[in-house]
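Hi,

Here is the structure I promised to pass on to you. Have a look at it first, and then read my notes below.

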Amino acid sequence: MRRVFRLMGGKRVVEREVDDEIAFHLEMRARKLMKQGLSPEDAQREALRQFGDLRSVRERCVTTDQEREWTVRRTNYLTELRQDVWQALRVLRNNPGFAITVIVMLALGIGANTAIFTLVDAILLRTLPVRDPQELVTIGDPSRTSSFSYNNGPQTSLISYPLYRDLRADTSVVHGLLASGMAGRMNVTVDSTDQEPERARGRFVSGNYFATLGIRAVVGRTFDSSADETIGGTPEATISYAYWMRRFHGNRSVVGHTIRVNGNPLTIVGVTLESFTGEIVGTPTDIWLPVTMVDAVNPNSRVLPDRNAHFLLLIGRRRAGVSLAAASDAITAQMRRLLGEHLNKETSPEDLKTLPVFVSDGSRGLSRVRATFGVPLLTLMAGVGVLLLIVCANVANLLLARSVARAREMTVRVAIGAGRFRIVRQLLTEALVLALLGAAGGLALAWYGSRLLLTLASNGPETMPVSVRLDLPVLGFTVLASVLAVALFGLAPALSASRVDLASAMRGHARSVTSGGGGRRGMRFSLGQLLIAGQVALSLVLLVGSALLVRSLQQIQRADTGLDRDHLLIVDLDKTARSYNGERTANLTRDLTEHIARIPGVQAVSFSENGIFSGSESATSLQVTGFVARTADDSTANFDHLGPGYVRAIGGHLLQGREFGAEDVAGSERVAMINQSMAAHYFGEGSALGRYLRFDDSIAVRIVGVVGDIRDHSLDGSPLRRFYVPYLQPLYGEPGGLVLEVRTSGDPALAQLPVRAAVRAVDPLLPVDDASPLSVLIAQSIQAERVLARVSTGFGFLALLLASLGLYGVLTYAITRRTGEIGLRVALGAQRSTVVRMVLGDALRLVVVGALIGAPLAIGGAQLLRSQLHGIDAIDPVAIVVAVAVLLTSAFAAALVPAMRASKVDPLTALREE
Amino acid sequence: MLDPDGGLLRGTLDLLILKAVSWGPRHGYAIAEWVRMVTDDELLVEEGPLYTALHRLEKQEWIVAEWGYSENNRKAKYYQLSRGGRAQLRAEVSSWERYVRAIGKAIGASAPAPA
């Protein structure tokens, strides 16, 4: 028997073989039958008859063979994979320096991506841990989770309680409509022995809140819809699992326990599931109270029956078959109809059509954090993506350099019969092993990195409470990023390495892939050089991006606030906790200002309802005599209640008239100040002094002063129209907030303790919610911009470092290979400086090519950043010049060492080696 | 219990095939001829099922196949026993012998003694 070499084949090969085998059998049988005397035709017929059902036998043989081939192939594949992995590990162990460099770089790239993705997942992607989150739909602006707006005009970003009741009655498109609002710190007393009330995060919710979300209690019960029946009739509280553990140590007897919120007794009825921290991403809730208890818990509050008190956000479940768009249309129409039934005089039904619609997908809950950090996070995600590309280019270059060194090994493998595919596969396996080791390091980095980012992004010492964890989506992302990286950095070197030239490699003359075609000068680039140029280009993109963000941050920080930002202490008091009202408020504010003014170093003190870069914000609609409003927006303005001497106290500018004094109290003439923007809007060039503002047709207020615009809540955007009325002449009843503005001669932080002491001296039980220098509050207001600028600068420099290392590596390698050539040049009389210039020139060529590729990319990237930039153009010459200068400097530094080394080549040694 | 492979007790054909290739490589036709010869044409009613059994045994890795050239220089698929197949053959032979002994004893037994 002679043997025939048989290859594995597909289905067609299997079929042919089975056919051949059966044909052979039939032929042999027929031949034997013919020998026994049958005619050829009879013999063939008899052979077939003896064989039986040919078709079915053939089919079964083919099926069996195919199954066998699959098994064999799988086994072979796994065996080879195991061999490859072992081989890869062996190669890496023999080159620890190379392995560690590559793994560290990959860990940085993958880790940075995973860290950012962890936050993207937690803040932007993850759905709420509630029943069927995809059915949920939100009504109202989902970022205004803790806002209160008193406004007698129609409003859709926040919902009043009466409007909520009306909307809830119609269940045709959305059912189980729940309301939540007024999130914030509450003064909670758990024990009667507690001296200071603690500040827990509370939220008022409708009775169907837990039922709609499908959240049950682990202990006791949650609210039911009976909590909505009577106003103020359900003194109950449901607490979160985390709060239960923290404050009650998981004691089950907590049910029935009475706590006091702002002094009002409420009974704890249950504890929610551990997984549920509320419907607000980034702000876990400790205590839920029935919304019907708002007025009972907050002194002087009468917001429930008031259609002008907007403070709720709504969440409902779409009925089966109702799309989000259909639900949005139906809810919008319904809201316009309901708002139209209660219009004030300044608003026409036409105005309702111009109101923005706030109906959106509720599967991921509500979040202020998401609104603040959403776009910055995606920007960072794009940035780390670019960083990973740079890492891949760098690793690819290292692999290329190594593949030259390994040319002999590859040649031997080819010579003993390894196919090109087999070699590519082995090299890709090595790349995959590297990537997975890098990914493992990256996960560890991401674990710390994402927490570091959260700390950076948080106000004050408390870390932003976003639950970051390395869960399935995150791990999936990491694996995907690694595989992508392998494809990017592993494929090109593998293909290039497998293309070995047997004869020349065996003679030991494998040409370097990085030496530019064997040292030939000219404008031809090798793969390695292109990778360097690509890294330079991508680094430029990141550097320009981060330079723009830093410049933008500087612009914001330098923005003119119209007040003395460096010498103000802002003190937020909770006067509702002590039920101040009317005459008592007047006495309190007088005593406080007198006490604080006596503190050494305090130059002035005043107070307001809303505060500066803290506290709340008020807006109202108004009429101005002689001004015809064209849109609803025309007749609304923001406002604040101010104490005497406020403008002087904050270092503002009084442009015309006077500011409020001690004489502006209840009973005297109603007066107001307006800011410059408001004066320009309503009176143009004319004088505002002596003109009147009217509210609800009943209150008339005379303008006695015009003040310069003050940036009091945000550093970007144009200043809002704003007017001011005296704190003791309140526009709509007793102001809710009380904020002291204390101006100091030195560092305002030093006044914190004396001011707190002064407040205690006036009323020992008056809670001080916060006392912070204005500069700190302003810094917090631009937290997202600061984090973005800081982190992107970090990534920019990381990219620069990697690109410089890459450049250094390639130049060093090239010079090693050109030692002979350089030695010859020196021997023929070339100056050392000529050699240095030559090497630097080579480096410069790569950097210039990279910059030319990078420039359009950077400009394109800057366009994408535009929404993140304040006060500068997307094409900012300063940012671009800085980025290019930094790039050139570090490229020069990276090239200098190899250049100096090249100039020290000893011609004799070099030529002897050759 | 009749086997769809051709009217044989299940396993019997497998046993015969393993035996047929135990002396060295043989192609399917040669195995068929050998089975016909040693069983006096009694067992192999149809020859097709022999091939489905051969392919099945190959998948089970008891026999390995290789293409070669026959005596008359035709390409033919040759089967031979693998190491595992040889062990399998031994096991099947001994279990067959036990079976035959047991049945033989049963058939040759006299009437049972009254209880």
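Before we get to the helix pairs, a quick word on how angles work here: an axis is a line fitted to C-alpha atoms, for helices over the stretch in contact, and the angle between two N-to-C directions runs from 0 to 180 degrees. Also keep in mind that this is a predicted model.

Now try helix 16 (residues 527-558) of chain A and helix 22 (residues 783-817) of chain A. They pack at an angle of about 155 degrees, and their axes are 8 Å apart. Angles over 145 degrees count as roughly antiparallel, which means helix 16 of chain A is roughly antiparallel to helix 22 of chain A. The crossing of these two helices is left-handed. As for the residues where helix 16 of chain A touches helix 22 of chain A, 18 are nonpolar, 10 are polar and two are charged.

There's another pair in chain A to look at: helix 4 (residues 96-125) and helix 11 (residues 368-405). Here the angle is about 165 degrees, with the axes 9 Å apart. So helix 4 of chain A and helix 11 of chain A are roughly antiparallel too. Helix 4 of chain A also crosses helix 11 of chain A in a left-handed way. Their contact is made of 24 nonpolar residues, six polar ones and two charged ones.

Where is the kink in helix 13 of chain A centred? Look at Ala446(A): the kink there is about 25 degrees.

Finally, the two chains touch each other: 22 residues of chain B are in contact with 24 residues of chain A. On the chain B side, the elements that give two or more residues are helix 2 (28-38), helix 3 (48-59), strand 2 (63-69) and strand 3 (75-81). Helix 3 of chain B gives the largest share, eight residues. By class, that side of chain B has eight nonpolar, five polar and nine charged residues.

Cheers

How values were computed. Residues are numbered from 1 along each chain as its sequence is written. Chains are lettered from A and ligands numbered from 1 in the order in which they are written. This is a predicted model: local features need pLDDT of at least 70, side-chain atom pairs count only at pLDDT 80 or more; totals for chains, interfaces and linings use all residues. Two residues are in contact if their C-beta atoms, placed from the backbone, lie within 7 Å. Helices (H or I, at least four residues) and strands (E, at least two) are DSSP runs, numbered from the N terminus. Ala, Val, Leu, Ile, Met, Phe, Trp, Tyr, Cys and Pro count as nonpolar, Asp, Glu, Lys and Arg as charged, and the others, Gly among them, as polar. The bend at a residue is the angle between axes fitted to the seven residues ending there and the seven starting there. Angles under 35 degrees count as roughly parallel, over 145 as roughly antiparallel, 65 to 115 as roughly perpendicular and the rest as oblique. A crossing is left-handed if the near helix is turned anticlockwise from the far one by less than a right angle, and right-handed if clockwise.
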